[in-house]
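Please keep the sequence and the structure in view while reading.

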Amino acid sequence: MDLISIFSLAGNALISPMTVGYILCAIGLAVHFGYTGLLNFGQAAFAALGGYGFAIATLDFHWNIWGSILFGLLCSMGFAAILGIPTLRLRADYLAIVTIAAAQALRFYVGSSTAEPITGGSAGLSQFGQEFYNLNPLPADLTFNLGTVSLTSGEVWIRIVAWAVVVLAVIFMFALTRSPWGRVLKGIREDEDAVRALGKNVFSYKLQALVIGGSIASLGGMLFVMSSQTNQPSNWGTNFTFITWTILLLGGAATLIGPIVGGMVFFALMTLIESVLGIMVDAGLLPFLAVEQVAQIRFLLVGLILMLLVIFRPQGFSGNKKEIQFNG
Amino acid sequence: MANEIAIGAAAPGCKKVDPILIADGVVRQFGGLTAVNVEHVEIPRGKITALIGPNGAGKTTFFNLLTGFDKPNSGTWTFDGKDLAGVAPFKVARRGMIRTFQLTKSLNAMTVIENMRLGAQKQRGENFFNSLFKFIWKGEEDRITQTADDLLKRFKLDAKREDYAGSLSGGQRKLLEMARALMSKPTLIMLDEPMAGVNPALTQSLLEHIKGLKAGGTTVLFVEHDMHMVRHISDWVIVMAEGRVVAEGEPGVVMKDQAVIDAYLGAHHDTDLGTMKKGK
């Protein structure tokens, strides 16, 4: 592997639909945690519901693409309501416990044989994106070369759509966070009793934030599964949630572009580390590592980077230290 | 001595000429401890009433109960003639009864002006769907900002307008919290130890601000445990000890009340320890 192919891979990681999927989940998490202070450790479930909702509506209900998107959104909104109504009146930590548990329960359920007729069990669902790719206006024989990485017409199409969704999400977030509505959320993050004492219905705002952040994450989930047209329970483990958290904290929790910067940096870095380590192993520079261990070891290095970041730049790349920083 | 606040003689639980808040049989127990046990108390409208008492008298707990932040074991109370027992804190605030906290709750990672804007109630832009369209709430936001700037000037915080609330001193945060509470033009403002942790120079200006509230037509109820601070500004004093109202009256009179002295200093503070020993 030469330098050009290393950078081509990293460049593709910057813009891939998977990266966008995580970015949207991190934007949703910014609504939850960055602006409202809700500790949601089940973002994977919101994304999974988007992916499954879309796939099930397409495959089982034979709905068109718009109906399927709407169904995916409704699934995650319903999930937000079910989680939020009993827990949002309680202290912040209860939401954390309930969301992480509910996300795991959901993942085991969709992978179980009971749910198999609908969700496809552990094999998951596939081939639900035909209509999406039929909408592709680009010529079918188009190829786009990103260094040594070659993208087909469909792959370019999903990247365009994915980034258009990101732009819309950022505009949406911009409108929300500059408004008095966003101000109430920030107030709740700082001290919810103070906001209560000023006559705001804190519970209602927290529920709205949970639903909106969850909806953005479910759009991310749909794009995530759309690129490969496969949706499996193993996509939505706790590591999905924690990568989302890493991206958010990397970029800055209460910022508009933080999740985008964080997501791009995270995946470019993962790809670079994997390539560089792979080359070093091939050259015999790392005799204690086997090629197949490289993918695992990069998570260690990312963990180290995250630790250094939290110690030396807790507000993330684009955060304002006075406003919010990760202080555990 | 005649007074125009109470009907008849000043006594614990006495009737007022024009009460704004009336509480009956409010009891709050924490396990075996009865923190608050107020049989009857009335807060006069348009006056500054001080709720005083030694540490652990139940003043703050009583505040929390009245504003819905804590639930009593039993009891009812009305505000402006309407029943207020069991009403959620944010609804209490919407009815015009705004409180502050003993441990100041300035929203540290927000600027002073944003803190102030948050204090305004019934904002159209606080509705999710309206919030997306600036033209809906722009005019309202300008009016709110104007009110906020006027208040900041009054409380001499205008120079700190764009600073984060977390960078203010303790005393300035108290001022900010009070100014923020005024954004909604409350009928009754309840200040929980507004003077705690404030340096003497600022205390004087805080006292002036509290007097200013009354001049503006707001009823003030504030908690304080320093009796001498209270004397300067309050029209009426209610003394609590061990959860009960033990005395009421005008400040000059109530300070001399035997029940008050007992509450603060202990009933046996005059007793010679020597005689106690002999008596044994």
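The sections below treat the model, its helices, the contact between its chains and several single residues.

## The model and its conventions

This is a predicted model, in which local features need pLDDT of at least 70, side-chain atom pairs count only at pLDDT 80 or more, and totals for chains, interfaces and linings use all residues. Residues are numbered from 1 along each chain as its sequence is written, while chains are lettered from A and ligands numbered from 1 in the order in which they are written.

Helices (H or I, at least four residues) and strands (E, at least two) are DSSP runs, numbered from the N terminus. Two residues are in contact if their C-beta atoms, placed from the backbone, lie within 7 Å. A residue is buried if 20 or more other C-beta atoms lie within 10 Å of its own, exposed if 12 or fewer, and partly exposed in between.

## Two helix pairs in chain A

Helix 2 (residues 17-35) and helix 8 (residues 153-177) of chain A have axes that come within 9 Å and cross at roughly 10 degrees. Such axes are lines fitted to C-alpha atoms, for helices over the stretch in contact, and angles run from 0 to 180 degrees between N-to-C directions. Helix 2 and helix 8 of chain A are therefore roughly parallel to each other; angles under 35 degrees count as roughly parallel, over 145 as roughly antiparallel, 65 to 115 as roughly perpendicular and the rest as oblique. Residues of helix 2 of chain A, including Val20(A), Ile23(A) and Leu24(A), meet residues of helix 8 of chain A, among them Ala162(A), Trp163(A) and Val166(A). The residues of this contact comprise 13 nonpolar, one polar and one charged. Here Ala, Val, Leu, Ile, Met, Phe, Trp, Tyr, Cys and Pro count as nonpolar, Asp, Glu, Lys and Arg as charged, and the others, Gly among them, as polar.

In a second pair, the axes of helix 12 (residues 238-251) and helix 13 (residues 258-282) of chain A come within 7 Å and cross at roughly 115 degrees. Among the residues that make the contact are Thr246(A) and Ile247(A) of helix 12 of chain A, and Gly262(A) and Gly263(A) of helix 13 of chain A. By class, the contact of helix 12 with helix 13 of chain A has eight nonpolar, five polar and no charged residues.

## Buried helices of chain A

Helix 4 (residues 65-87) of chain A has 23 residues, which should span 33 Å at 1.5 Å a residue, and its end C-alpha atoms are 33 Å apart, which agrees. The expected span is 1.5 Å times one less than the number of residues. Buried residues in helix 4 of chain A include Phe71(A), Leu73(A), Phe79(A) and Leu83(A). The cover over the buried residues of helix 4 of chain A includes helix 3 (43-59), helix 5 (92-110) and helix 11 (202-226) of chain A.

Helix 11 of chain A has 25 residues and reaches 36 Å from its first C-alpha to its last, close to the 36 Å expected. Of its 25 residues, 22 are buried, so helix 11 of chain A is largely enclosed by the rest of the structure.

## Where the chains meet

The contact between the chains takes 28 residues from chain B and 25 residues from chain A. On the side of chain B that touches chain A, the elements giving two or more residues are helix 2 (89-94), strand 6 (97-99), helix 3 (112-119), helix 4 (128-131) and helix 5 (134-154) of chain B. The residues of that side divide into 13 nonpolar, eight polar and seven charged.

## Single residues

Gly68(B) lies in the loop between helix 1 (59-66) and strand 4 (74-79) of chain B. Gly68(B) is buried, with 21 other C-beta atoms within 10 Å. Apart from neighbours within four places in sequence, Gly68(B) is in contact with Val87(B), Ala88(B), Pro89(B) and Val92(B). Ala259(B), in helix 10 (residues 258-265) of chain B, counts as partly exposed with 16 C-beta neighbours inside 10 Å.

Gln127(A) has a positive phi of about 55 degrees although it is not a glycine, and Gln127(A) is exposed, with 10 other C-beta atoms within 10 Å. Glu193(B), also not a glycine, has a positive phi of about 50 degrees, and Glu193(B) counts as buried, with 21 C-beta neighbours inside 10 Å.
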